[in-house]
Amino acid sequence: QIGEKNKLKRAAAKARRQQKREARFASFSAHLASLPDDAAREAATMAVKAKARAERDSDRATRRKMLTALRDAQQRVCIDCAWNGDMTVKEIKSLVKQFAHCYAAASKAACAEKPVVGLTVTGVDAILKEKLDAVSP
């Protein structure tokens, strides 16, 4: 039941993002139509593409910096999950949520240039891998 709620939330969020995308496209198309000639339209299009490229590059640089900090962490924590065969499905879901929180906290710390702890998970079986992939494909 909770999974269904999450699916509905994700679907609604996806629909909102699609509507925003379509509204931006319509607005930009109207702006292009109002420009006097092809050269102006081409310049406007190139400016928008350059801005999007700069944002992507900035996001990539931030992500690369974060991943480098996590990889080069001075302290590392290894979590052995070889015993998860004794866990119930509910406990495995809880464990996956805890991993997600740990990773998010480490990522935020890396982006803020704070000390980072590297995380390593070992002994992952098929069920746990499936749940982890669902959270972070």
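Two strands count as paired if DSSP finds at least two bridges between them. Keep that rule in mind for this predicted model.

**The strand pair**

Strand β1 covers residues 75-80, and strand β2 covers residues 117-122. They pair in the parallel sense, over six bridges. Look at Arg76 for one example: this residue stands opposite Gly118 in β2. Helix α3 spans residues 89-111. Together, β1, α3 and β2 make a β-α-β unit, and the unit is right-handed. In a regular strand, side chains alternate between the two faces of the sheet.

**The second largest pocket**

Rolling a probe the size of a water molecule over the atoms shows where empty space is left. The second largest pocket has a volume of about 380 Å³. Its lining holds 16 residues, and the closest to the centre are Phe99, Ala100, Tyr103, Leu132 and Ser136. What is the lining made of, by residue class? It divides into 13 nonpolar residues, three polar ones and no charged ones.

A disulfide needs two cysteine sulfur atoms within 2.5 Å. The sulfur of Cys78 has its closest cysteine sulfur in Cys81, 8.7 Å away, which is too far for a bond. Cys81 is in no disulfide either, and its nearest cysteine sulfur is that of Cys78.

Are these cysteines buried or exposed? Cys78 counts as exposed because its relative accessibility is 54%, and the cut-off for exposed is over 50%. Cys81 counts as buried because its relative accessibility is 0%, and buried means under 20%.

| Residue | Relative accessibility | Class |
|---|---|---|
| Cys78 | 54% | exposed |
| Cys81 | 0% | buried |

Note on methods
Residues numbered from 1 in each chain as written. Predicted model: local features only at pLDDT ≥ 70, side-chain atom pairs only at ≥ 80, totals over all residues. Heavy atoms only, no water. Helix = DSSP H or I, 4+ residues; strand = E, 2+ residues; numbered from the N terminus. Right-handed = clockwise from strand over helix to strand, strands pointing away. 1 Å grid on protein atoms, 1.4 Å probe; cavity = no way out; pocket = protein on both sides within 12 Å on 5 of 7 lines; lining within 4 Å. Points joined across faces, edges and corners; volume = space filled by probe spheres on them. Nonpolar A, V, L, I, M, F, W, Y, C, P; charged D, E, K, R; others polar. Buried < 20%, exposed > 50% of the residue type's maximum accessible area, 1.4 Å probe, protein only.
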